[in-house]
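Dear colleague,

Please find below the structure that I am handing over to you. My findings follow directly after it.

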Amino acid sequence: MTTAQLAEAWSEDLDQGDLDRAVELLRRAVEGRQTVLIAGHVGPDGDALGAALALHLALGAAGARAVPTVGEDPLKVPAPLSDLPGVEGVTSVSGLPDPTEVSLLITVDAASPERLGSVQRYLDAGIPTLVLDHHASSTSFGDVRIVAPRAAATVQIVAALLDRLSLPLTRDVATCLYAGLVTDTGRFGHPNTDASVMVLAGRLLAAGVDHAELTRRLYDTRSLAELRLLGRALDRLTFVPDVALVHTHLTQEELERSGGGLEATEALIDLLRSADVAELALVLKPNVDGTWRASLRSRGVVDAGALAARFGGGGHAAAAGFTGAGDAAEVVTAVVDALREA
Ligand SMILES: [Mn+2]
């Protein structure tokens with residue numbers, strides 16, 4: 001196996017005809033100076049936002065009117081991602097062009113229409129839709145689907161398409177792609193970190209990405225509110241020995257009192273997962289409607305995605321999530337019961 005073949009292992013799952021159709025849609029958008037809506041999932045992470053912004057910058061520079069968005073109103077970009085190049089172009093749902101003006105919808109890192117929030121109405125409007133994703137749980141929506149479950153991040157698919165279009169990896173485009181790569185691989189620590197990840201990372205660094213500055217902003221910068229919230233949640237940490245589960249939760253009141261938003265607690269789940277006795281970590285964070293946003297992280301044995309699917313959620317084997325109802329203890333009990341059955 002050559003280095004090039006090894007680096008592209010994830011792309012073997014893709015259909016060449018679909019790839020050709022995707023490239024054709026993008027080429028037409030650029031040459032026809034079309035209006036292209038690029039939608040990441042609600043509650044955007046580094047991959048969703050990085051993929052959307054890289055496409056926004058690259059297609060925009062080549063001639064398209066590329067509008068990046070996530071399906072939220074009001075728009076909330078997590079603080080660590082708020083300095084990414086092109087982020088000022090991210091448009092709230094209320095500011096988007098009318099569906100009749102949009103020639104192409106590109107969804108990135110969103111495994112189902114529900115993950116698009118308010119952008120779903122553009123799907124329903126019958127606009128040609130290109131789906132770029134790496135979730136094995138991706139449901140079959142969209143017209144042209146480039147779904148690569150073995151890709152570590154959606155930004156790998158975006159980079160491959162930009163290559164096929166011969167669009168340049170400028171420093172800004174590379175920075176957005178790198179943000180997706182570094183976050184979805186857990187700083188190159190998760191098992192999805194393979195040769196293709198490192199080959200792309202090397203290309204992006206060569207394009208001028210400031211790795212140290214970007215990772216400092218993504219990982220080593222926390223507000224006092226976030227540190228206090230982390231302390232509160234860690235203080236409440238509970239271990240269930242027979243299923244090797246560590247779990248904790250935060251209340252709506254604690255979030256409000258701290259002044260920190262939900263995004264301030266993203267580091268919590270990875271801290272919990274680091275417990276030496278744990279196979280699985282569970283963090284419950286309150287949604288405004290009274291339900292819980294449950295995040296799951298596995299240390300390798302438990303398939304977090306399969307577990308989340310039992311509760312109507314989804315994700316990857318190492319990281320997944322679902323929406324839980326009831327009080328926190330009831331959600332934890334349901335997860336423990338499911339683990340004991342498995
Ligand atoms: Mn992703």
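Strand β7 (residues 245–249) and strand β8 (residues 280–286) run parallel and are joined by five bridges. Please note that the model is a predicted one. Within this pair, His 247 stands opposite Leu 282 in β8. Helix α11 (residues 266–273) packs on the sheet, where it touches β7, β8 and β9 (292–298). The direction of α11 makes about 155° with that of β8. A further helix, α13 (residues 328–341), also packs on the sheet and touches β6, β7, β8, β9 and β11 (319–324). In this case the angle is about 165°, taken between the direction of α13 and that of β7.

The sheet to which these strands belong is open and has six strands in the order β6-β7-β8-β9-β11-β10, with mixed pairing. Its edges are formed by β6 (238–240) and β10 (314–315); each has a single partner strand, so one side of each is left without a neighbour in the sheet.

The antiparallel part of the pairing involves β11. Six bridges pair β9 with β11 in the antiparallel sense, and Ser 295 stands opposite Gly 321 in β11. Strands β10 and β11 likewise run antiparallel, joined by two bridges. Here Gly 314 has Gly 321 of β11 as its bridge partner. Strand β11 is mostly covered, with five of its six residues buried.

When neighbours within four places in sequence are left aside, Thr 248 is in contact with Ala 233, Arg 236, Leu 237, Thr 238, Leu 272 and Val 283. The C-alpha atoms of Thr 248 and Lys 285 are separated by 9.0 Å, although these residues are 37 residues apart along the chain.

**The five-stranded sheet**

A second open sheet is made of five strands in the order β2-β1-β3-β4-β5, and its pairing is parallel. At the edges stand β2 (65–70) and β5 (144–147), each with a single partner strand, so that one side of each has no neighbour in the sheet. From one strand to the next, the twist averages 15°.

Strand β1 (residues 35–40) runs parallel to strand β3 (residues 104–108), and five bridges join the two. In this pair, Ile 38 has Ile 106 of β3 as its bridge partner. Helix α5 (residues 154–164) packs on this sheet, touching β3, β4 (129–133) and β5. The direction of α5 makes about 125° with that of β4.

**Asp 18 in helix α2**

Asp 18 is found in helix α2 (residues 16–31). Because Asp 18 has 16 C-beta neighbours inside 10 Å, Asp 18 counts as partly exposed. Beyond its neighbours within four places in sequence, Asp 18 is in contact with Val 144, Arg 145 and Ile 146. Asp 18 and Glu 266 are 248 residues apart along the chain, and their C-alpha atoms are separated by 35 Å.

**Domains and the chain as a whole**

The domain assignment divides the chain into domain 1 (3–218) and domain 2 (226–341). Taken over C-alpha atoms, the centres of the two domains are 27 Å apart. Seven residues from domain 1 and six residues from domain 2 take part in the contact. On the side of domain 1 that touches domain 2, four residues are nonpolar, three are polar and none is charged.

In total, the secondary structure of the chain comes to 13 helices and eleven strands. The C-alpha trace spans about 60 × 50 × 40 Å along its principal axes. A compact globule of 342 residues would have a radius of gyration near 20 Å, and the value for the chain, 20 Å, agrees with this. Of the 342 residues, 43% count as buried. Among contacts between residues at least 6 apart in sequence, 67% join residues at least 24 apart.

With kind regards

Methods
Residues are numbered from 1 along each chain as its sequence is written. This is a predicted model: local features need pLDDT of at least 70, side-chain atom pairs count only at pLDDT 80 or more; totals for chains, interfaces and linings use all residues. Two strands pair if DSSP finds at least two bridges between them. Helices (H or I, at least four residues) and strands (E, at least two) are DSSP runs, numbered from the N terminus. Two residues are in contact if their C-beta atoms, placed from the backbone, lie within 7 Å. Axes are lines fitted to C-alpha atoms, for helices over the stretch in contact, and angles run from 0 to 180 degrees between N-to-C directions. Domain bounds come from an automatic or database domain assignment. Ala, Val, Leu, Ile, Met, Phe, Trp, Tyr, Cys and Pro count as nonpolar, Asp, Glu, Lys and Arg as charged, and the others, Gly among them, as polar. A residue is buried if 20 or more other C-beta atoms lie within 10 Å of its own, exposed if 12 or fewer, and partly exposed in between; C-beta atoms are placed from the backbone. The radius of gyration is taken over C-alpha atoms; the globule rule is 2.2 Å times the number of residues to the power 0.38.
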